[in-house]
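Subject: Structure for you to look at

Hello,

Here is the structure I promised to pass on. Please open it and keep it beside this email as you read.

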Amino acid sequence: MTEGRTDPMTDKFISIEGITKRFTAPGSGSTIVFEELWLSMARGEFVCIIGHSGCGKTTVLNILAGLDVPSAGAVIVDNEAIEGPSLDRAVIFQSHALLPWLTVMGNVTYAVSSKWRFMSKENLHRQAQKFIDLVGLTGAEHKRPSELSGGMKQRVGIARALSIEPKIMLMDEPFSALDALTRGTLQDEVRRICTETGQTVFMITHDVDEAIYLADRVLLMTNGPNAVLAEIVENPLPKRRRREDVHRHPLYYGVRNHIIDFLVTRSKNFAGEMRDKNFDRRAVPMVRPGAPPGEPARPASSDTTDPTPAAAAEAPVTPARPGLIQGGRA
């Protein structure tokens with residue numbers, strides 16, 4: 001394995017082991033949201049999960065956060081089973097969820113003090129200021145949420161989550177309510193911060209381009225109910241990628257079209273594929289769209305250089321296949 005690269009199959013920092021979620025249905029039956037979901041994540045990995053509404057993405061995130069419990073199976077984080085909420089796991093929701101009567105500093109300091117109850121006031125402020133600076137809010141420490149833009153509020157939410165130095169950051173479509181320019185800026189900030197800090201992230205998104213830009217791996221869920229984790233897409237783009245270069249990468253459209261093709265077509269009819277291929281839920285296929293034939297799937301490289309051969313890098317960008325959605329969201 002390449003130096004500096006972690007393998008989620010051997011470095012099981014997070015291990016989701018056969019979790020199922022079912023609800024009692026009217027009458028005597030039950031509705032299965034998803035069944036026997038198996039997944040491993042390495043420390044420092046950024047994973048996005050994509051699927052249509054109703055497939056259980058938020059339920060998976062809530063189970064990871066300890067806000068919900070699976071009907072079967074277990075989740076292990078850093079060799080400890082999740083049995084409830086913990087300050088080792090920070091959640092960033094679609095809305096900023098700030099305390100309106102507190103300032104930026106007050107909101108972040110409140111989080112810090114919840115983890116380190118006996119930390120001195122000076123050290124509390126120092127810890128909070130560190131992450132306020134990290135998200136680019138230096139100078140806004142004494143403003144209240146009503147004085148902030150939507151993007152600034154989400155930055156406070158990110159600073160608050162990072163300030164408790166969680167083992168995992170869980171993000172539930174945190175940029176979906178923002179305008180395109182603000183969303184892009186915050187995506188850049190999250191990439192920078194996670195690259196610098198090595199933060200482990202599990203994120204829900206409906207935006208295909210967002211997933212390709214941010215994630216090391218993209219999880220593809222079939223339609224619910226009875227959803228399954230169908231594929232794990234290894235992102236072949238270089239780990240340290242820049243927004244302006246992503247769409248020029250020779251493998252970009254292969255990855256994008258593969259994900260969109262799944263969402264538009266295969267996610268609806270995956271039960272047939274499962275029967276034909278003798279699908280094993282414990283060994284979900286890992287694919288690397290656009291990789292040369294015979295090359296095994298592998299996690300996105302942590303190297304700063306693009307592993308794609310120079311000849312391929314100079315090749316013209318492959319246009320998107322006709323008939324597929326051309327927008328960023330599915």
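Asp-88 and Lys-115 form a salt bridge, with their closest N and O atoms 3.8 Å apart. This pair links distant parts of the chain. Asp-88 sits in the loop between strands E5 and E6, Lys-115 in helix H2, and 27 residues separate them. Keep in mind that the model is predicted.

Asp-88 is at 25%, so it counts as partly exposed. Lys-115, at 26%, is partly exposed as well.

Next, look at Arg-266 and Glu-231. Their side chains meet in a salt bridge of 2.9 Å, N to O. This pair also links distant parts of the chain: Arg-266 is in helix H8, Glu-231 in strand E10, 35 residues apart. Both residues are buried.

Helix H8 runs over residues 252–266. Its 15 residues reach 20 Å from first C-alpha to last, close to the expected 21 Å. Its buried residues include Tyr-252, Ile-259, Phe-262 and Leu-263.

Asp-245 is partly exposed at 31%. Arg-248 is partly exposed at 48%. Elsewhere, Arg-43, Asp-78, Asp-88, Lys-115 and Lys-167 belong to one network of salt bridges that share partners.

Now the whole protein. The structure holds 16 salt bridges. There are ten helices and eleven strands. Of the 330 residues, 49% are buried.

Best wishes

Conventions:
Residues numbered from 1 in each chain as written. Predicted model: local features only at pLDDT ≥ 70, side-chain atom pairs only at ≥ 80, totals over all residues. Heavy atoms only, no water. Helix = DSSP H or I, 4+ residues; strand = E, 2+ residues; numbered from the N terminus. Expected span 1.5 Å × (residues − 1). Buried < 20%, exposed > 50% of the residue type's maximum accessible area, 1.4 Å probe, protein only. Salt bridge = Lys/Arg side-chain N within 4 Å of Asp/Glu carboxyl O.
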